[in-house]
Amino acid sequence: MSGPDHVYQIRIRTTPERLWAAITDPEETRRYYFGARNTMGGPAGSRWESRVEDGTLFIEGEILESDPPRRLVQTFHYLGDETARTEAATRVSWEIERDGDECVLTLVHHGLEAAPGTRRVVSTGGWTTILARLKEYLEA
Amino acid sequence: MFKALADGTRRHLLDALYRRDGLTLGELAAGCPELTRFGVMKHLAVLESAGLVVPRRVGREKHHYLNPVPIRQIHDRWMSKYRRRTTKALIDLKSRLEERP
């Protein structure tokens with residue numbers, strides 16, 4: 001079993017239910033996810049996609065696991081970059097743990113070894129920007 | 001977090017994870033021959049409580065990951081978006097000039 005490639009963790013003063021809604025409701029994701037609407041609220045086996053404001057599809061994949069409000073696993077195929085578009089889909093998991101009046105959100109990205117284009121996009125400020133903005137949005 | 005970063009050994013451990021993420025305690029200790037395994041463990045605990053390193057269990061092994069989020073938050077706190085471009089230009093200039101022999 002191979003380990004994850006990247007691990008990101010952030011503490012957010014909110015409840016797991018509120019955080020889950022912010023991650024899965026497209027009207028909320030556009031507030032912190034580069035303006036994109038993400039449809040990640042479906043059950044395991046459903047498709048999900050991320051579209052920017054003008055409707056362009058920029059990420060797509062499948063929901064592999066959905067256990068609200070604790071754990072969501074998805075395949076992640078980045079289409080907004082010529083190299084990444086031709087690569088195999090990677091895998092992202094979102095884990096939510098309550099800690100007092102805060103939640104610890106851990107985002108784990110697998111499969112980047114075989115997807116250097118996707119790796120470049122997510123590691124040059126992609127996930128850190130999204131997570132920092134998500135915290136700002138929920139704590140405002 | 002600043003206390004965690006104030007120590008040379010801990011910055012060295014972060015550098016090691018920056019080069020190769022997901023190292024085990026044994027692998028990190030091998031890169032610090034001047035320290036005991038226990039010493040490395042203590043430094044890792046400080047980095048973990050500051051949120052700079054996140055441990056993950058993979059099978060029977062514990063791997064350590066560099067968490068870039070707190071560093072990003074520090075960056076955002078003092079760097080206005082208008083100054084980012086100029087700052088980046090200066091840093092790029094420094095690295096280009098210094099890589100020449």
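Where does B:R19 lie? B:R19 sits in helix α2 (residues 8-19) of chain B, where helices are DSSP runs of H or I with at least four residues, strands are E runs of at least two, and both are numbered from the N terminus. Welcome to a short tour of this predicted model, in which local features need pLDDT of at least 70, side-chain atom pairs count only at pLDDT 80 or more, and totals for chains, interfaces and linings use all residues. Residues are numbered from 1 along each chain as its sequence is written, chains are lettered from A and ligands numbered from 1 in the order in which they are written, and side-chain values use heavy atoms, with hydrogens and water left out.

**B:R19 in its setting**

- With a relative accessibility of 62%, B:R19 counts as exposed; here exposed means over 50% relative accessible area, buried under 20%, and partly exposed in between (1.4 Å probe, protein chains only).
- The C-alpha atom of B:R19 is 27 Å from that of B:T86, a residue 67 positions away along the chain.

**Where the two chains meet**

- Chain A brings 19 residues to the contact and chain B brings 13, contact meaning heavy atoms within 4.5 Å.
- About 1200 Å² is buried between chain B and chain A, 61% of it on carbon and sulfur atoms; buried area is the accessible area (1.4 Å probe) that two parts lose on being put together, summed over both.
- On the chain B side, B:R56, B:V69 and B:R72 lose the most area to chain A, and together they make up 39% of what that side buries.
- Four residue pairs are in polar contact between chain B and chain A, both residues being at pLDDT 80 or more. A polar contact is a pair of N or O atoms within 3.5 Å; within protein, one must be able to donate a hydrogen and the other to accept it, and residues adjacent in sequence count only if both atoms are side-chain atoms.
- Three elements of chain B, β2 (53-58), β3 (61-66) and α5 (69-78), each supply at least two residues of the side that touches chain A.
- Helix α5(B) gives the largest share of that side, four residues.
- By type, the residues of chain B that touch chain A divide into six nonpolar, three polar and four charged. Nonpolar covers Ala, Val, Leu, Ile, Met, Phe, Trp, Tyr, Cys and Pro, charged covers Asp, Glu, Lys and Arg, and the others, Gly among them, are polar.

**Salt bridges**

- Over all chains the count comes to 18 salt bridges, each being a side-chain nitrogen of Lys or Arg within 4 Å of a carboxyl oxygen of Asp or Glu.
- One salt bridge is found across the interface of chain B and chain A: B:R56 pairs with A:E95, with the closest N and O atoms 2.9 Å apart.
- A:E95 also forms a salt bridge with A:R71, where the closest N and O atoms are 3.2 Å apart. This pair links distant parts of the chain, with A:R71 in strand β5 and A:E95 in strand β6 of chain A, 24 residues apart.
- A:E95 is buried at 17% relative accessibility, while A:R71 is partly exposed at 30%.
- Within chain B, B:D76 and B:R72 form a salt bridge with closest N and O atoms 2.9 Å apart. Both lie in helix α5 of chain B, four residues apart, about one turn of the helix.
- B:R72 is buried, with a relative accessible area of 17%, and B:D76 is partly exposed at 27%.
- Salt bridges that share partners join A:E65, A:R71, A:E95 and B:R56 into one network.

**Nonpolar cores**

- The largest nonpolar core has 34 residues, and A:W94 and A:W127 have the most contacts inside it. Such a core is a set of buried Ala, Val, Leu, Ile, Met, Phe, Trp, Tyr and Cys residues joined through side-chain atoms within 4.5 Å.
- Helix α4(A) provides the largest share of this core, seven residues.
- Beyond its neighbours within four places in sequence, A:W127 is in contact with residues including A:Y8, A:F76, A:W94 and A:L107.
- Another core lies apart from it, with 17 residues, among them B:A16, B:L28, B:C32 and B:V53.

**Backbone details**

- A:P68 and A:P69 are joined by a cis peptide bond with omega about -5°, and A:P69 lies in the loop between β4 (57-67) and β5 (71-78) of chain A.
- A:F34 is not a glycine, yet has a positive phi of about 50°.
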